[in-house]
Amino acid sequence: MEKKEPKHPNRETALSYRANAGESEEMAEQLKTMIREMPQIEPPARLLTSVMETVKTKKRPFWFRAYRWARSPRTITFTPLLPVTVMALSAILVFSVFFLHESKNRNITLAESRKSIPVEFALDMPDARSVYVVGSFNHWVPQPCLLHKDNDSTRWLLTLQLQPGRYEYAFIVDGKRVPNPETGFNQDDGFGNKNSVLALGKEDDI
Amino acid sequence: MSLPDGNAKVDDSLLIATILEGDVNAYSTLVLRYQGAIFNLMSRMTGSYEDAADLAQETFISAYEQLHRFQTGKKFFPWLYTIGLNHARNFLRHNKRKQMVSLEDCEIGSGLDYPGQQEDNVCAKIDYGRLHAALNQLPLDYREALILRYHEGLSMEEVAEAMNLRPSATKMRVHRGLAKLREILTS
């Protein structure tokens, strides 16, 4: 290719040539062209290597890696055996929980059988001034087991919460100890007195 | 994400997406593409080949570290240039060095293609030398605005982005930069 001869043959530089001519607009265009074609200094050859060696050791922040992981699509594969196995394991789990629950319920029932049983002590003695009940459940101490009677009633009443078991007891009517006349099951106490016998709960408890 | 085969110029945004997917090696394409511009920026700023090399390296490493913050749809080069300018400004603030560039750094080639070219090369060398010296007398914002606009071929909007300026202020920088350059060269 034939090279073009330069437009400014004298030894004056291109810029001064333009400036002297006072062609400011043309000079501006000339400057733009010169800036565009301004030679560059070659970067050192090791620049790329050193940058790449460093960046390979860098890690993105954890939140970004987590975000990228969450956004990237996943392919899930499974064999037909898998859902069957999962369903079987689920069924075993459900039944295990159910039986465990039932067994726990049975324990509760048994435990509940050990709970207190309300027992109403009643004595039909309208002329009495005070009636107490004493027994093996309160160590034969009358207080505070005082029976009450309503004005319009003839019966003295007291309800106690007792554990299942076998008890002996008697009433103390106006200071005198008497067995319960309404039950026929009495027992001697070895000191010439008779006590009534109360059996609560199942046979095992008595 | 995979890059196209062959030597076809791959779009910056595609390269960035590939890098963020975990392909670190794709970053070498970006480094090769812009190392000249960034190194020359640093060379203009520091006047030292070694400092320019160190600052260019730091700029590329810093850009890599912040790449996940790069806004999709924007141009990569102005963003990279902003990082480079900040690094250079920090460097100058800490080192308080004067910017100097040797005329010897402005070689424009060798070999004679036609009779009498030697004289013309001398003229051209003087012209580029004077231009370089005149550019270095300009304030940083004016000089870099002119280089980005005319040497790197960025649009006014992209120059504004790289320089963190409003487009109107950028146009003013370029216009005044040219006027100042003309004044320096004709004085």
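Which residues in α2(B) meet which residues in α4(B)? The legends below take up this contact along with other parts of the predicted model.

**View 1. The contact of α2(B) with α4(B).** On the α2(B) side, the contact is formed by B:Leu30, B:Tyr34, B:Ile38, B:Leu41, B:Met42, B:Met45 and B:Thr46. In α4(B) they meet B:Phe76, B:Phe77, B:Leu80, B:Gly84, B:Ala88, B:Phe91 and B:Leu92. By class, the residues of this contact are twelve nonpolar, two polar and no charged. The two helices, α2(B) and α4(B), pack at an angle of about 30°, and their axes are 10 Å apart. Their crossing is right-handed.

**View 2. Helix α4 of chain B and its buried residues.** Helix α4 of chain B covers residues 76-95, which makes 20 residues. From its first C-alpha to its last, α4 of chain B reaches 29 Å, close to the 28 Å expected at 1.5 Å a residue. Its buried residues begin with the run B:Phe77, B:Pro78, B:Trp79, B:Leu80 and B:Tyr81. Further along, B:Gly84, B:Leu85, B:His87 and B:Ala88 are buried as well. Among these buried residues, B:Phe77, B:Leu80, B:Gly84 and B:Ala88 also take part in the contact with α2(B). An α-helix has 3.6 residues a turn, so residues three or four places apart point the same way.

**View 3. Surroundings of the buried residues of α4(B).** What do the buried residues of α4(B) pack against? They pack against four helices of chain B: α2 (27-46), α3 (49-65), α6 (140-151) and α7 (156-163). Of these helices, α6(B) and α7(B) also pack against each other.

**View 4. The contact of α6(B) with α7(B).** The angle between α6(B) and α7(B) is about 140°, with their axes 10 Å apart. The two helices, α6(B) and α7(B), are therefore oblique to each other. Their crossing is right-handed. From α6(B), the contact takes in B:Asp141, B:Glu144, B:Ala145, B:Leu148 and B:Arg149. From α7(B) come B:Val159, B:Ala162 and B:Met163. The residues of this contact are five nonpolar, no polar and three charged.

View 5. From the N terminus on, its elements run α-α-α-α-α-β-β-β-β-β-β-β. Of its 206 residues, 14% count as buried. Among the contacts in chain A with a separation of 6 or more, 58% are accounted for by residues 24 or more positions apart.

Notes
Residues are numbered from 1 along each chain as its sequence is written. Chains are lettered from A and ligands numbered from 1 in the order in which they are written. This is a predicted model: local features need pLDDT of at least 70, side-chain atom pairs count only at pLDDT 80 or more; totals for chains, interfaces and linings use all residues. The expected span of a helix is 1.5 Å times one less than its number of residues. A residue is buried if 20 or more other C-beta atoms lie within 10 Å of its own, exposed if 12 or fewer, and partly exposed in between; C-beta atoms are placed from the backbone. Two residues are in contact if their C-beta atoms, placed from the backbone, lie within 7 Å. Axes are lines fitted to C-alpha atoms, for helices over the stretch in contact, and angles run from 0 to 180 degrees between N-to-C directions. Angles under 35 degrees count as roughly parallel, over 145 as roughly antiparallel, 65 to 115 as roughly perpendicular and the rest as oblique. A crossing is left-handed if the near helix is turned anticlockwise from the far one by less than a right angle, and right-handed if clockwise. Ala, Val, Leu, Ile, Met, Phe, Trp, Tyr, Cys and Pro count as nonpolar, Asp, Glu, Lys and Arg as charged, and the others, Gly among them, as polar.
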